[in-house]
Amino acid sequence: LWWPGDTVAERNPTPRPSPIAEEGSGTGLAGLASYLAEPGARDFDRLVYERVRLGILSALAVNEALSFTELKNLLGTTDGNLSVHARKLEDAGWVSCTKTFLGRTPRTEYRVAKKGRRALGRYLGHRGALLEATRG
């Protein structure tokens, strides 16, 4: 899904569990509509849905840690683009960043935080519910 303003700086939303999966909240499209009507739901989607941020979270979810260079090469992005998106995830508490030196060479390493792993799981659950609802 694309939301107007995706390219504009977004607020840092507080992620919440999806009501789609909760009992009594409705399932399928009704549950999804209920979720999207809640304040902050679209902001949450904007934070994780952008291609580079979703790529960062996904790559870190299956790797213990990745360096800035490894992420940049894996995602095929520029230094500046990766830096901006990684900072948004870091500000939300979804990714941790550690800066060290190997000799005289700086090394920036990223790890997914528990909060980020949960956010990615919720996001994938929301998308799965949408796919299931549109197929059914």
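Analyst: By class, the lining of the largest pocket is made up of 6 nonpolar, 5 polar and 4 charged residues. The model is a predicted one, and every value here is computed from it. In total, 15 residues line this pocket, and those nearest its centre are Phe68, Lys99, Arg107, Thr108 and Tyr110. Two or more lining residues come from each of α4 (68–75), α5 (79–91), β2 (95–102) and β3 (105–112). Of these elements, β3 provides the largest share of the lining, 5 residues. The volume of the pocket is about 250 Å³.

One of the helices that contribute to the lining, α4, also holds lysine 72. Apart from its neighbours within four places in sequence, lysine 72 is in contact with Thr77, Thr78, Asp79 and Leu82. The C-alpha atoms of lysine 72 and leucine 82 lie 6.6 Å apart, while the two residues are 10 apart in sequence.

The largest nonpolar core also draws on some of these elements. In soluble globular proteins, nonpolar side chains tend to be buried together. Here the largest such core has 22 residues, and Ile56, Leu57, Leu71 and Trp94 have the most contacts inside it. Elements giving two or more residues to this core are α2 (41–49), α3 (51–61), α4, α5, β3 and α6 (114–135). The greatest contribution, 5 residues, is that of α3. When residues up to four places away in sequence are not counted, leucine 57 touches Val48, Leu89, Trp94, Val95, Val112, Gly116 and Leu120.

Two of those partners, Gly116 and Leu120, are among the buried residues of α6, which also include Ala119, Tyr123, His126 and Leu130. Helix α6 has 22 residues and spans 32 Å from its first C-alpha to its last, close to the 32 Å expected at 1.5 Å a residue.

Of its 136 residues, 40% count as buried. Among contacts between residues at least 6 apart in sequence, 60% join residues at least 24 apart.

Definitions and conventions:
Residues are numbered from 1 along each chain as its sequence is written. This is a predicted model: local features need pLDDT of at least 70, side-chain atom pairs count only at pLDDT 80 or more; totals for chains, interfaces and linings use all residues. Side-chain values use heavy atoms; hydrogens and water are left out. On a 1 Å grid over the protein atoms alone, a cavity is a set of points where a 1.4 Å probe fits but cannot get out, and a pocket is an open set with protein on both sides within 12 Å along at least five of seven lines; lining residues have an atom within 4 Å of a point. Grid points are joined across faces, edges and corners, and a volume is the space filled by probe spheres set on the points. Helices (H or I, at least four residues) and strands (E, at least two) are DSSP runs, numbered from the N terminus. Ala, Val, Leu, Ile, Met, Phe, Trp, Tyr, Cys and Pro count as nonpolar, Asp, Glu, Lys and Arg as charged, and the others, Gly among them, as polar. A nonpolar core is a set of buried Ala, Val, Leu, Ile, Met, Phe, Trp, Tyr and Cys residues joined through side-chain atoms within 4.5 Å. Buried means under 20% relative accessible area, exposed over 50%, partly exposed in between (1.4 Å probe, protein chains only). Contact means heavy atoms within 4.5 Å. The expected span of a helix is 1.5 Å times one less than its number of residues.
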